[in-house]
Amino acid sequence: MDSLQEFNPSNASNSSSVNINTTTTTTTTSSSNTVPAASPSSATSSTLSRYENQKRRDWNTFGQYLRNHRPPLSLARCSGAHVLEFLRYLDQFGKTKVHTQLCPFFGHPNPPAPCPCPLRQAWGSLDALIGRLRAAFEEHGGKPEANPFGARAVRLYLREVRDSQAKARGISYEKKKRKRPPQSSSTTSALPVQAILPPTPPPAPPGAN
């Protein structure tokens, strides 16, 4: 299997996306005295644009990976097993330290010293990548039931990576459950009438005015 020479991994170790951009674009902007504030709609469209651009780059790189495969693979013949090969191939570009069980820093979230443990792609990066490729596959005419990125083997692999990295790095990927505010009961317990009414004063003695 040939490697992709153009692969350019992200510098962020715990980024939620795997940067597989193969080109570098230089954008020149004209300077102005006043910079208009970005509206919420423009910020949303900018976020969607970045997502779409990243998805397109991921899709093109996966297609190049299939072409460099030996023997070359067509998308129609691609299966979940080939997706797993692709994910394991990406590990060589990883920036996340994953401690082995023999490492003294196994399970340590903040190791005090360096160690020779391997670098891997972070689980969050792989999970986001598979999500983008799964969407791109269907956008290019693929049927959801034949989507190799949604194969059960791929889901199990991602779960295994998540659990193993959580143990090795001493972190938790579980979503924090929101604490529900205490619910005030609409009905209060009924108190006896004697506890609600003020005490009755004793009767005045006869002849006392």
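Predicted model: local features only at pLDDT ≥ 70, side-chain atom pairs only at ≥ 80, totals over all residues.
1. Both Phe86 and Tyr89 are buried. Phe86 and Tyr89 sit three residues apart in helix α2 (residues 80-90), so about one helical turn separates them. Their ring centres are 6.5 Å apart and their planes are at 25°, so the pair counts as stacked; the limit for stacking is under 30 degrees.

2. Besides Phe86 and Tyr89, the buried residues of α2 are Gly80, His82, Val83, Leu84, Leu87 and Leu90. For the protein as a whole, 30% of the 209 residues count as buried.

3. On the overall layout, the secondary structure comes to five helices and two strands. Read from the N terminus, the order of the elements is α-α-β-β-α-α-α.

4. Next, the aromatic residues. How many aromatic pairs does the count come to? The count comes to eight aromatic pairs. One of them joins Phe62 and Phe149, and this pair is edge-to-face, at 5.0 Å centre to centre with 65° between the planes. Phe62 belongs to helix α1 (residues 40-68) and Phe149 to the loop between α3 and α4, so the pair ties together parts that are 87 residues apart in sequence. Phe62 and Phe149 are each buried.

5. The two pairs described above belong to one aromatic cluster, formed by Phe62, Tyr65, Phe86, Tyr89, Phe93, Phe137 and Phe149.

6. Finally, the surface. Which residues gather in a patch of positive charge on the surface? They are Arg134, Arg152, Arg155 and Arg159. Helix α4 (residues 152-169) gives the most to this patch, with three residues. Arg134, by contrast, lies in helix α3 (residues 123-139).

7. Is Arg134 buried, partly exposed or exposed? Its relative accessibility is 40%, so Arg134 counts as partly exposed. The reasoning rests on the cut-offs: buried means under 20% relative accessible area and exposed means over 50%, with partly exposed in between. A patch takes residues with over 30% relative accessible area and no salt bridge, and Arg134 is one of the residues in the positive patch.

Methods. Residues numbered from 1 in each chain as written. Heavy atoms only, no water. Patch = residues over 30% accessible without salt bridge, like charges linked within 9 Å, V, L, I, M, F, W, Y side chains within 5 Å. Areas by Shrake-Rupley, 256 points an atom, 1.4 Å probe, with all protein chains shown as cover. Salt bridge = Lys/Arg side-chain N within 4 Å of Asp/Glu carboxyl O. Lys, Arg positive; Asp, Glu negative; His and termini not counted. Charge placed at Lys NZ, Arg CZ, Asp CG, Glu CD. Helix = DSSP H or I, 4+ residues; strand = E, 2+ residues; numbered from the N terminus. Buried < 20%, exposed > 50% of the residue type's maximum accessible area, 1.4 Å probe, protein only. Phe/Tyr/Trp six-rings, centres within 6.5 Å; stacked < 30°, edge-to-face > 60°.
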